[in-house]
Amino acid sequence: MIDRAIDRRPFSDRSLAAALAFVSASAIAHQIVIMQMLSIAQWDRFASMVISMAMLGFGAAGTVATIFRDRLRRAIRPALMLLCAGTAVAIALTPRLSALPGSFDAFLLFYDRSQMGLLAAVYLWYCLPFFFAGLAVTLVFYTSVDRVGMLYAANLGGSGVGAVAVIALLWIVPLEYLPALLALPPAAATVVLIADRGDRGTRGESAWRPSTVAVTAAMIGAIGAAVSIAAFAPVRAQPSEYKEISAALQLPGATIVHRSTSPHGELSVVRADALRVSPGLSLTYRDEPPVRDAAFVNGEYFGPLLRFDPDAADHLLGFTTRAAPYALRSPASVVVLSAATGAGVSHALSAGARSVVAVEPNRHAASLLSRHHPEWLDSLYSDPRVTLLIESPRTFLSQSATDGGHDLIVAAELGSFGGNAGVDSLHERFDLTLEAFERAWSLLSPDGMVAVTVWAEEPARLSLRLLATWRRLLDRAGVEDPVDHLLAVRSWATTTFVLSRRAISDGEIAAVRRFADAMGFDPLVMRGIDPIERDRYNRLPDDSVFDTVDAILTGDPQEVVGEYAFDIGPTRDDRPFFLRFLKVTAIGRLSNAYGPRTVPYLEIGTLLGFLTLIQIIVVATVLIVVPLSGRRFRSGARLPTLLFFSGTGTGFMLFEIVLIGQLVLFLGQPVYATAVVIAVLLVGSGTGSLLSSRIDAASPALPRIAAVAAVVLLCYALALMPVLRFLIALPVAVKVAAVVILLSVPAVVLGMLFPLGLRRLAAGRTDHIPWACAIDSLLSVTAAVAAGLLAVGIGFSLVTALAACAYGVAAAAATRLGGALRSRL
């Protein structure tokens with residue numbers, strides 16, 4: 001039986017549900033805003049790190065609630081109001097507070113030890129709003145566990161609405177003003193709780209004592225001050241000094257002539273008299289590189305705003321290796337994937353293409369250049385020969401081939417000038433998987449080609465993985481001699497690779513040789529190549545890469561991949577991490593070759609992921625174990641509580657993170673994928689929570705539902721990716737509807753377990769409830785970070801299978817949870 005103190009109702013059910021919905025909506029929206037801010041300050045794909053930050057605050061809140069549960073329970077009314085007010089203040093001021101300790105820069109993390117302290121401080125500040133919100137939610141669940149089904153549904157439903165609403169807000173409200181706006185819902189929750197008198201009204205007690213009035217006035221004043229500061233003195237996320245936009249802004253007279261934000265990030269256009277375009281130009285280029293504006297997304301170089309002259313005989317890119325496919329043949333139908341600012345599109349038109357399809361997933365940038373400022377590209381996208389499609393490259397490749405197919409598909413460039421220290425190593429790149437290139441191959445005309453340009457790098461990784469992928473493709477297509485279908489030309493800055501549908505003729509090889517000689521380029525891959533040709537104009541410090549290239553194309557590629565110091569094997573849709581190369585077993589070998597201080601900068605993204613995971617495991621362990629000290633638990637049997645809520649927290653978050661990764665393929669944008677997954681899973685789980693209220697918590701239903709969850713997730717591990725690939729060519733609205741249908745069943749099932757588990761504890765282990773909330777949140781923290789790293793190693797499907805195993809553990813623990821079944825027997 002629940003004790004009387006817990007059964008006391010200081011607030012009405014309606015007020016509690018409204019407050020939970022407001023606080024949860026704001027908290028989840030704030031997660032996505034933080035993700036956007038970190039993308040500007042550092043780099044993209046911070047979804048898992050942001051979720052872990054949020055959940056760490058929730059987990060710490062559960063630990064605090066466990067340690068001080070009696071005090072907090074006695075002061076539940078002022079505590080909840082203060083926590084909602086604290087959430088509002090923290091959300092409004094987080095961007096400003098996070099900048100107080102100093103300037104954290106992930107690029108310096110393995111070079112400057114002070115960055116470790118700054119990282120911890122930034123992490124702490126970002127956790128604050130989620131700590132306050134988490135403590136409020138935990139206290140509500142603890143003191144109102146008999147109504148947890150309804151309250152948990154309000155919690156999840158509010159989170160789902162917040163995830164959808166923030167996407168709309170990102171289109172219409174500048175990013176730096178969103179913290180002030182998102183502070184309003186928890187402020188409203190504070191007002192709702194202040195206005196609700198709960199049981200006091202029925203006992204004739206006065207809720208407006210002088211001390212209460214003073215505290216209420218202080219809360220409202222603090223909220224007003226924080227929101228005013230955030231609204232009238234907003235703090236913009238500042239890009240790292242190592243981002244390209246920072247270098248551009250250091251040029252004399254550099255100014256930002258356009259800046260706007262959207263779910264796709266912050267789009268900036270920089271203008272400077274010394275900002276010249278030189279995309280790996282041949283040393284034979286005699287003119288001065290043109291002065292042009294440049295576009296940046298989240299501080300990273302997006303492309304130059306080149307003039308388009310349809311009558312010009314030469315194009316700037318014609319003096320780079322990107323002209324190799326046009327020297328090889330004269331493609332009439334060209335597709336430019338990830339067209340960005342359209343340089344590849346104007347190049348194709350200048351080379352004589354009669355039709356060009358420009359595929360660009362960034363709706364914000366495409367709209368800016370085609371509708372709002374077409375003059376920046378001389379109305380390139382208004383040319384009747386150009387068709388602009390705003391969709392992901394993979395969505396385009398999944399469509400049916402046109403009549404006759406395409407003569408040339410130009411894929412996105414790989415790498416950047418000077419390299420990027422591997423910050424993108426955990427990015428999903430579904431446009432570069434084996435399945436993506438097989439789709440491109442199927443869309444080619446009989447004379448069709450695929451072209452990819454790779455920036456120079458040391459040591460070689462991108463080029464070798466690309467060749468290994470194409471070798472696998474040609475083997476699967478039944479091509480006997482891969483070199484007959486491949487060609488590559490190298491300059492001092494870039495290498496352009498060409499994959500041909502048919503064998504390249506001797507005459508075409510001669511034409512490319514003449515082009516390379518005229519430009520001072522070296523052939524890298526070509527039938528009948530003389531080794532002397534490869535290093536004539538542009539010498540490499542280590543020419544052993546030539547032997548590796550030959551071994552991949554003419555020898556046993558699997559043997560080469562296994563022996564190479566980096567992972568250069570083909571990537572698949574289930575493991576789409578094309579930019580991740582680091583082998584843990586080769587770190588010692590790399591350290592000896594490049595030095596211990598250099599190794600982290602070969603792939604800083606992966607190493608930072610491992611560092612985050614280690615930190616979170618340590619913190620989570622401490623926060624779970626600390627409540628076990630002393631005599632904080634009046635009842636025993638803590639192992640079932642630990643195992644059950646560890647299973648639900650781990651399983652749910654592993655599944656959620658994997659879904660986000662898989663839906664990047666399906667929806668084409670990480671931010672959209674994150675918002676849709678969170679919204680559908682949480683709203684569906686809220687529905688499951690409501691349904692759980694009709695189930696007797698002491699019945700055998702709990703372990704059975706957990707077992708059903710494990711079976712459902714195993715089915716999704718096997719079938720979800722094939723289903724997504726089958727539906728990927730559908731319109732966006734239809735795809736979102738498909739996601740809702742696909743995820744509704746697991747969401748409802750998973751949503752039943754947490755509230756049922758808490759109600760089971762209420763039967764005899766009431767003092768376990770705050771600890772259970774902490775365990776669920778803290779294991780979610782660990783799983784959020786581990787999921788991304790596991791997906792790199794074993795793939796999305798096996799990570800989903802691990803989530804199913806976690807629910808299997810929960811099913812086993814449920815048979816002993818709370819001692820309810822024992823009492824029934």
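Author: Let's start with a term: buried means under 20% relative accessible area, exposed means over 50%, and partly exposed is anything in between, with a 1.4 Å probe and protein chains only. One more thing before the tour: helices (H or I, at least four residues) and strands (E, at least two) are DSSP runs, numbered from the N terminus. By that burial cut-off β6 is mostly covered, since 4 of its 5 residues are buried.

Some housekeeping on where this comes from. This is a predicted model, where local features need pLDDT of at least 70 and side-chain atom pairs count only at pLDDT 80 or more, while totals for chains, interfaces and linings use all residues. Residues are numbered from 1 along each chain as its sequence is written, and side-chain values use heavy atoms, with hydrogens and water left out.

Now the sheet itself. Two strands pair if DSSP finds at least two bridges between them. On that basis there is an open sheet of 8 strands, ordered β7-β6-β5-β8-β9-β11-β10-β12, and its pairing is mixed. The edges are β7 (386-389) and β12 (522-525), each with a single partner strand, so one side of each has no neighbour in the sheet. From one strand to the next the twist averages 20 degrees (axes are lines fitted to C-alpha atoms, for helices over the stretch in contact, and angles run from 0 to 180 degrees between N-to-C directions).

Strand β6 (residues 355-359) runs parallel to β7, with 4 bridges joining them, and Ala358 has Leu388 in β7 as its bridge partner. On the β5 side, 5 bridges join β5 to β6, again parallel.

Strand β5 (residues 333-337) is joined to β8 by 3 bridges, and the two run parallel; Val336 stands opposite Val410 in β8. Strand β8 (residues 406-410) is mostly covered, with 4 of its 5 residues buried. Next along, β8 and strand β9 (residues 444-455) pair in the parallel sense over 4 bridges, and His406 stands opposite Leu444 in β9.

How does the chain get from strand to strand? A crossover is right-handed if, with the strands pointing away from the viewer, the path from the first strand over the helix to the second runs clockwise. β5, helix α14 (residues 343-350) and β6 make one such right-handed β-α-β unit. Another is made by β6, helix α15 (residues 363-372) and β7.

Zooming out, the protein chain has 30 helices and 12 strands, and 61% of its 825 residues count as buried. Its C-alpha trace spans about 95 × 60 × 55 Å along the principal axes. Taking contact as heavy atoms within 4.5 Å, 78% of the contacts between residues at least 6 apart in sequence join residues at least 24 apart.
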